[in-house]
Amino acid sequence: DGQWIAYRGRDNASVHLIKTDGSGARLLVDSVGVGTSGIAWTASGWPALTVMTDDSGNVKLLLVDPATCSAYVLPNFKGVLQGIVMP
């Protein structure tokens, strides 16, 4: 919706949200794994994250509800997130 920016923390394992005017900064997901390698927004306004779960490059795809910070793992995902389209 153009109102939020998602960004990785300095530790590369947390993800934060901030409004485009600089207000409302908050932690969205904390220490989700070794690192976050991709962030994209769904059409419904949820951020999707590719999360490395270990040093060997295994990844999980998470969808996060920005209102509640509830994370949902999408099973059987392979690869690195470059974009996502969901109604």
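**Strands, core and rings**

A: The protein chain has seven strands and zero helices (DSSP runs numbered from the N terminus: H or I of at least four residues for helices, E of at least two for strands). This is a predicted model, where local features need pLDDT of at least 70, side-chain atom pairs count only at pLDDT 80 or more, and totals for chains, interfaces and linings use all residues. Residues are numbered from 1 along each chain as its sequence is written, and side-chain values use heavy atoms, with hydrogens and water left out.

Q: How much of the protein chain counts as buried?

A: 32% of the 87 residues. Buried is under 20% relative accessible area, exposed is over 50%, and partly exposed is in between, using a 1.4 Å probe and protein chains only.

Q: Which residues make up the largest nonpolar core?

A: Nine in all: Ala6, Val15, Leu17, Leu28, Val29, Leu49, Val51, Leu62 and Val64. A nonpolar core here is a set of buried Ala, Val, Leu, Ile, Met, Phe, Trp, Tyr and Cys residues joined through side-chain atoms within 4.5 Å.

Q: And which elements give two or more residues to this core?

A: E2, E5, strand E3 (26–29) and strand E6 (59–65).

Q: Take valine 15. Why does it count as buried?

A: Because its relative accessible area is 0%. Valine 15 sits in strand E2, which covers residues 15–19. Its C-alpha is 9.0 Å from that of arginine 26, eleven residues apart in sequence.

Q: What is leucine 17 in contact with, leaving aside neighbours within four places in sequence?

A: Trp4, Ile5, Ala6, Tyr7, Gly24, Ala25, Arg26, Leu28, Trp41 and Pro66. Contact means heavy atoms within 4.5 Å.

Q: Arginine 26 again. Which ring does it lie over?

A: The face of tryptophan 4, at 5.0 Å from the ring centre. The test is NZ of Lys or CZ of Arg within 6 Å of the ring centre and within 35 degrees of the ring normal.

Q: Why does aspartate 65 count as buried?

A: Because its relative accessibility is 16%. Aspartate 65 lies in strand E6 and, leaving aside neighbours within four places in sequence, is in contact with Leu28, Trp46 and Ser70.

Q: What about proline 66, buried or exposed?

A: Buried, at 15% relative accessible area. Proline 66 is in the loop between E6 and E7, and its contacts beyond four places in sequence include Gly45, Trp46 and Pro47.

Q: Last topic: how many aromatic pairs does the structure hold?

A: One. Tryptophan 46 and tyrosine 72 are stacked, at 5.8 Å centre to centre and 20° between the planes. Rings of Phe, Tyr and Trp (its six-membered ring) pair if their centres lie within 6.5 Å; planes under 30 degrees apart are stacked, over 60 edge-to-face, the rest tilted.

Q: How exposed are tryptophan 46 and tyrosine 72?

A: Tryptophan 46 is partly exposed at 27% relative accessibility, and tyrosine 72 is partly exposed at 42%.
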